[in-house]
Amino acid sequence: VTLSSLHVLNLASNQIRHIDQSAFSSNPTIRAIRLDNNDLEDISGVFTSLPALVFLNVSDNQIRLFDYSHFPVSLEWLDMHQNNITELGNYYDLNNLQIKMLDVSFNRLTSVDAKCIPDSIETLFLNNNALEEVAAGTFLSKRSLEKVVLYGNYLRKLEIGALALTRVADDREVPAFYLGDNPIHCDCTMEWLQGINKLAHLRQHPRVMDLDTVLCTMEHERGASIRPLMDLRPHDFLCRYETHCFATCHCCEFDACDCKMTCPDRCSCYHDHTWKANIVDCGSADYTEVPEHIPMDASTIYLDGNELRQLASHQFIGKKKLEVLYLNGSNIRDVHNRTFNGIPSLRVLHLENNYINELRGFEFDQLTNLNELYLDHNAIAFVGERTFESLRFLEVINLSDNRISEFRPWQAFAAASETGSLARVSLDGNRWRCDCESLRRLQRWIRGVSGNFDLQRMICADSRVVADAIASCDSRQPGTFGGDLGAGEVDGEGPPAVHRTVLLGHGLIGGGYVPLLAAILVAIIGTALIVALACVFRQDVRLWAHARYGVRLVKDPIIVGAGRKEADSDRLYDCYMVHSVHDSDFVGRLLGAELQLHGYSVCLHHRDVHPGAFLADSLQGAADAARKLLLVVSMNFLQTEWSQPQFRVALQSVIESIRPAHRRHKIVLVLTAPVEIVSMDPIMHLLIRTCTVACWGERKFWDKLRYALPDVPKDRVPTKLGDITRSPANLRYTPAPTSLEQWCKISPSEVGNGGIVPPGGPVPVPVAIPQSTPSQSTCNTEDESSSSASSQHYEAPMSQHYNMSRSSASLGHVYSTIPETPQMGRNGRAYFV
């Protein structure tokens with residue numbers, strides 16, 4: 001068929017499996033084609049005879065073969081997402097392509113390079129493929145590039161050259177890239193990714209917009225195996241090695257080389273890119289003694305989880321760069337007095353969870369730079385007086401859960417206390433000597449340091465609680481402990497003795513924090529419950545606040561938006577009510593009268609609008625003069641006005657003139673017909689999904705309707721609608737539905753009369769008639785998933801031909817406007833849906 005003036009062709013959401021190569025050859029003027037949501041497998045040669053084709057959507061098909069030679073060079077917008085494409089082919093090396101937007105997301109691509117991407121590209125969607133490689137230089141020479149989406153792939157490693165750009169001109173924004181939801185492996189070659197946005201000033205690399213969401217798998221999996229990229233420190237970016245040599249080593253090719261470092265058997269060794277961090281992990285390797293050939297430049301050594309039993313003298317000598325040593329959980333029973341000699345840089349030492357029974361006094365005398373020492377959960381019963389004498393910079397010491405009894409911490413930690421470095425001390429779980437003099441000295445020392453000093457958990461050698469022993473000493477010698485700390489007190493000045501006795505016997509402070517914690521927990525749970533209920537019933541809360549106090553908890557952006565509030569203030573009407581002529585009495589006597597009584601200025605279609613030769617212009621003018629468009633959808637409306645092509649086209653034109661993002665704020669639907677009948681019409685179904693809906697007869701109908709309408713200025717005087725008087729009946733009352741599966745509409749008597757309230761007669765009270773319908777939501781938002789997936793340059797207008805029975809997945813990429821041409825209609829705009 002030859003259609004010489006055809007510009008837009010929509011064949012979406014059919015079951016097309018094959019198209020002949022000459023199918024469009026008689027229609028060379030086509031500029032836009034939609035073939036999405038079909039069953040196409042091959043499109044080679046189909047579009048090459050269309051020299052004017054600009055927009056093509058063949059997404060959601062079964063296409064496997066892709067090559068740029070399948071498309072005309074005029075093509076600018078190509079959507080091929082959700083197919084089975086495995087490669088972006090450019091067999092003929094075409095370099096005259098004009099494609100600006102390319103969406104090949106949700107396919108099976110495994111790699112991309114510069115040849116796969118046209119130089120004219122501006123927006124590129126590669127997300128949700130199986131990409132494992134992005135070649136270096138892929139985005140060089142793409143001078144118009146604005147946005148690249150790479151999230152949701154299998155990218156583990158990237159060279160910095162893979163994201164390199166030709167220098168971006170100063171008058172253009174640096175392109176935005178998205179890399180989230182990829183299993184990035186953060187080894188020593190990937191440290192550049194963390195700081196790529198700091199290179200933006202060079203204008204040769206993109207801005208990665210979602211760096212804070214990028215998660216890394218770690219080369220050394222001690223601790224969390226997956227960590228946020230931005231939380232990593234430089235020494236966390238590690239690479240594995242087996243052997244290495246110093247830069248000054250000249251014997252690396254020989255086996256007997258002193259400067260050649262080899263990773264021990266059953267161990268894993270890692271380094272950062274500067275070799276400042278050199279980690280040797282021999283944890284849980286069934287070693288019975290410390291391996292002999294640990295690299296001399298190791299900075300961290302893991303020997304935990306072995307069966308070492310004892311540590312010999314000078315066990316780690318020569319490892320001058322060693323800073324962290326893990327020996328915990330290795331069944332160690334004896335530590336030699338010179339075990340840790342020769343490692344002066346050690347800062348952290350873990351010896352917890354072993355069976356050490358004593359510290360003689362010289363085990364740590366060479367560790368002058370030690371900051372943290374963990375000795376908890378051992379069997380230590382004796383600590384030599386000079387054990388901690390050399391640890392002047394000790395910050396953390398944990399001696400909890402041992403068998404210590406004769407221990408004077410004010411003497412043992414005197415060196416660290418003098419320098420002021422001691423910050424945290426844990427001594428719980430030991431048996432203390434509880435004579436009054438020792439307790440007085442203990443409390444005086446506790447005042448000077450911070451740490452875990454719950455006196456209720458500290459036990460005396462005679463099984464008394466230390467806090468009780470202090471109270472006993474104070475009762476025998478009043479004032480002796482004045483100025484010292486009470487139970488649980490660590491810093492600051494101690495309370496006077498008379499107050500301290502009260503604190504020790506207080507049920508909350510002396511007996512534990514359980515009541516206080518319970519009260520806090522109840523408060524948190526109560527607050528969370530209130531917030532949860534407010535979120536679940538947020539619509540009811542909004543309606544209540546607006547009906548009771550006139551406050552909008554979530555304000556209408558159409559009313560308060562920048563520049564729109566002033567424009568709306570010049571509108572003649574608050575709402576323009578479109579209804580059936582057979583519903584004039586119902587609308588005029590009830591809906592319009594109630595709204596006008598509350599100060600709204602109302603324009604009624606069959607009373608105030610006088611259509612002339614062009615019905616569409618009359619409707620458009622009335623809609624432009626009102627702040628809201630209110631559609632009263634009844635059975636009469638569906639069977640009369642809506643079924644007339646002239647009226648339907650005119651009203652649809654008004655709806656299409658409203659931007660999709662603003663429809664839910666501009667259009668209000670009042671339904672008096674069952675929703676399942678109204679939803680049978682595709683346009684009405686889309687309006688129900690995307691606009692504010694109020695059901696006549698439902699609970700809080702008037703509150704919902706007034707909430708959907710703009711607020712009435714306080715200085716406006718309410719007036720009556722013409723000479724129509726109100727019925728003495730309480731028109732605000734509407735019965736609540738008896739179940740969630742009911743639809744509220746007018747009474748049977750009204751339906752029998754065509755839905756008309758008899759002029760001059762009494763206004764009937766609405767009643768509930770059960771119908772099997774979906775749940776009645778008064779507010780439906782637009783499908784944000786489809787809007788976010790679509791290009792921001794396009795919007796989807798309404799179309800009565802749209803097949804709403806298709807799955808929601810087909811709405812993911814609905815693009816609309818086609819560039820204006822003189823041939824495209826009276827308004828110079830065609831719609832692509």
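Predicted model: local features only at pLDDT ≥ 70, side-chain atom pairs only at ≥ 80, totals over all residues.
Trainee: Which residues line the largest cavity?

Mentor: Ser405, Glu406, Phe407, Arg408, Trp410, Trp432, Arg433, Ser438, Leu439 and Leu442. H4 provides the largest share of that lining, with three residues.

Trainee: Why is that space called a cavity and not a pocket?

Mentor: Because a 1.4 Å probe fits there but cannot get out, whereas a pocket is open. The largest one holds about 110 Å³ of space, and the structure has four cavities of 30 Å³ or more.

Trainee: How does its lining split by class?

Mentor: Five residues are nonpolar, two are polar and three are charged. Glu406, Arg408 and Arg433 are in the lining, and Glu and Arg count as charged, so that is where the three come from.

Trainee: Which residues touch the most other members of the largest nonpolar core?

Mentor: Out of 66 residues, Leu327, Phe340, Leu349, Phe364 and Phe388 do. Helix H2 (409-412), helix H4 (436-446) and helix H5 (466-476) are the elements that give two or more residues to this core. Another core lies apart from it, with 63 residues that include Leu53, Cys116, Phe177 and Val214.

Trainee: What is Phe340 in contact with, leaving aside neighbours within four places in sequence?

Mentor: Its partners include Leu327, Leu349 and Phe364, which are also on the list of residues touching the most other core members. Glu363 and Gln366 are among its contacts too.

Trainee: Now for Asn430: why is it called buried?

Mentor: Its relative accessibility is 2%, and the cut-off is under 20%, so Asn430 is buried. Asn430 sits in the loop between strand E29 (424-426) and strand E30 (431-432).

Trainee: How do you know that its side chain makes polar contacts?

Mentor: Check the distances against the 3.5 Å limit. A polar atom of the Asn430 side chain lies 3.2 Å from the backbone nitrogen of Asn402 and one lies 3.0 Å from the backbone oxygen of Leu427. Both values are within 3.5 Å, so both pairs qualify. Asn430 also touches Leu399, Arg403 and Ile459, among others.

Key
Residues numbered from 1 in each chain as written. Heavy atoms only, no water. Helix = DSSP H or I, 4+ residues; strand = E, 2+ residues; numbered from the N terminus. Buried < 20%, exposed > 50% of the residue type's maximum accessible area, 1.4 Å probe, protein only. Polar contact = N/O pair within 3.5 Å; in protein donor to acceptor, adjacent residues only side chain to side chain. Contact = heavy atoms within 4.5 Å. Core = buried A, V, L, I, M, F, W, Y, C linked by side-chain atoms within 4.5 Å. 1 Å grid on protein atoms, 1.4 Å probe; cavity = no way out; pocket = protein on both sides within 12 Å on 5 of 7 lines; lining within 4 Å. Points joined across faces, edges and corners; volume = space filled by probe spheres on them.
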